[in-house]
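Please look over the sequence and the fold before reading on.

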Amino acid sequence: NYINAPTSSGDNTIFAGGLARDFSLYKDHLAISAYETGGNDSMLHIFKSSSTSGWELEQTLTTSSYNDGAAVNTSTGVNTFLAVKIYGDKLVTSGFSNGQSRYLGIFASGTGGWAFEDSVFIRDGNTDGGASNTGGSVSISNVALDFDGTRIIAGSNESPYGQSHRNEIGTIYIIHSSSDGGWELERKMNLEDAGLTDDKTATFGPNYTAEYMTFRKFGAMGCSISGSYVVASAEGQNINVSSLSSYRRQKNSTFIFKSSSTSGWNLEKRLIDPT
């Protein structure tokens, strides 16, 4: 058996890069993103499996599905529904924008089908890093988005620094379900916040006075969340060390964080690429 994601509402050349590039499966539900890079018809197709008829299209979400409930409407359907994660009767999806600001959308399944539940402001358009990336760098693929039913993690190329050698360092957002039933940002974190501040000047040159500067795409390379644990990976930068007339590369690493009720999210373990 196979599933054809519908293409009839969009130009095939536009859909080529975004049709079924990302999907998420949870039990008998399958969500498939179909985003347009140059039009206003991005969609999220939700299929359901049954013992009698197999996988059938249950519902299609559009930009209008988001705008029906969002306090700040997305201004266009371009690049919406970039990534999706479904868990239980809820799903989270990325790519919503108003100008250069970015939002995540949360939808819930009920008696009337899948409907907008909440949106979370995730990135100010004035932030330096990642602005040129599709969707403003936040969760532009499923490797940079995860959802365990209670918390969401979104990875991005975002950097709080303007210098070119510190652009795209990467930032993760941890979002949780609040007591009033909505969703809100719990923690925004980069590797400087996580404590990677050891001086690396001797190894990588005078621009790299702290270890966090030697990484890029923290969280955007991959992130996951489950209960009190968060995992996010980062790519080691390939750095031109002028004093040595050669390049040196930081090793790719994966960072494991654990949450506690007293101190919040803290780095528990760093796994370093052995090569």
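In which sense do strand 11 and strand 12 pair, and over how many bridges? In this predicted model, strand 11 and strand 12, the latter covering residues 183-189, run antiparallel to each other and are joined by six bridges. One of the facing pairs brings I174 opposite R187 in strand 12. The two strands make a hairpin in which five residues lie between them, and G181, in the turn, has a positive phi of about 95°. On its other pairing, strand 11 is joined to strand 10, residues 151-156, again by six bridges in the antiparallel sense, and here I174 of strand 11 is the residue that stands opposite I153. Strand 11 itself spans residues 171-177 and is mostly covered, with five of its seven residues buried.

Strand 5, residues 84-87, pairs with strand 6 in the antiparallel sense over four bridges, and Y87 is found opposite K90 in strand 6. Two residues separate these strands in a hairpin, where G88 in the turn has a positive phi of about 60°. Strand 6 is also joined to strand 7, residues 101-110, by seven bridges, and these two strands run antiparallel as well. N98 stands opposite S101 in strand 7, and the hairpin formed by strand 6 and strand 7 has two residues between them, with G99 in the turn showing a positive phi of about 70°.

With these strands in mind, the whole chain can be considered. The protein contains three helices and 19 strands, and its C-alpha atoms fill a box of roughly 65 × 45 × 40 Å along the principal axes. Of the 275 residues, 49% count as buried, while the protein exposes about 12,500 Å², of which carbon and sulfur atoms supply 45%. The side chains include 20 positive and 28 negative ones, and the centres of the two sets lie 9 Å apart.

K217 lies in the loop between strand 13 (215-216) and strand 14 (223-226). Is K217 buried or exposed? K217 has a relative accessible area of 17%, and because the cut-off for buried is under 20%, this residue counts as buried. Setting aside residues up to four places away in sequence, K217 touches N157, E168, I169, G170, S233 and A234.

E192, for its part, is found in the loop between strand 12 and helix 3 (201-204). Its relative accessible area is 31%, so E192 is partly exposed. Apart from neighbours within four places in sequence, E192 is in contact with Y161, T197 and Y212. E192 and M213 are 21 residues apart in sequence, and their C-alpha atoms are 8.2 Å apart in space.

Terms used:
Residues are numbered from 1 along each chain as its sequence is written. This is a predicted model: local features need pLDDT of at least 70, side-chain atom pairs count only at pLDDT 80 or more; totals for chains, interfaces and linings use all residues. Side-chain values use heavy atoms; hydrogens and water are left out. Buried means under 20% relative accessible area, exposed over 50%, partly exposed in between (1.4 Å probe, protein chains only). Contact means heavy atoms within 4.5 Å. Accessible areas come from the Shrake-Rupley method with a 1.4 Å probe; for residues, only the protein chains shown count as cover. Lys and Arg count as positive and Asp and Glu as negative; His and the chain ends are not counted. The place of a charge is taken as NZ of Lys, CZ of Arg, CG of Asp or CD of Glu. Two strands pair if DSSP finds at least two bridges between them.
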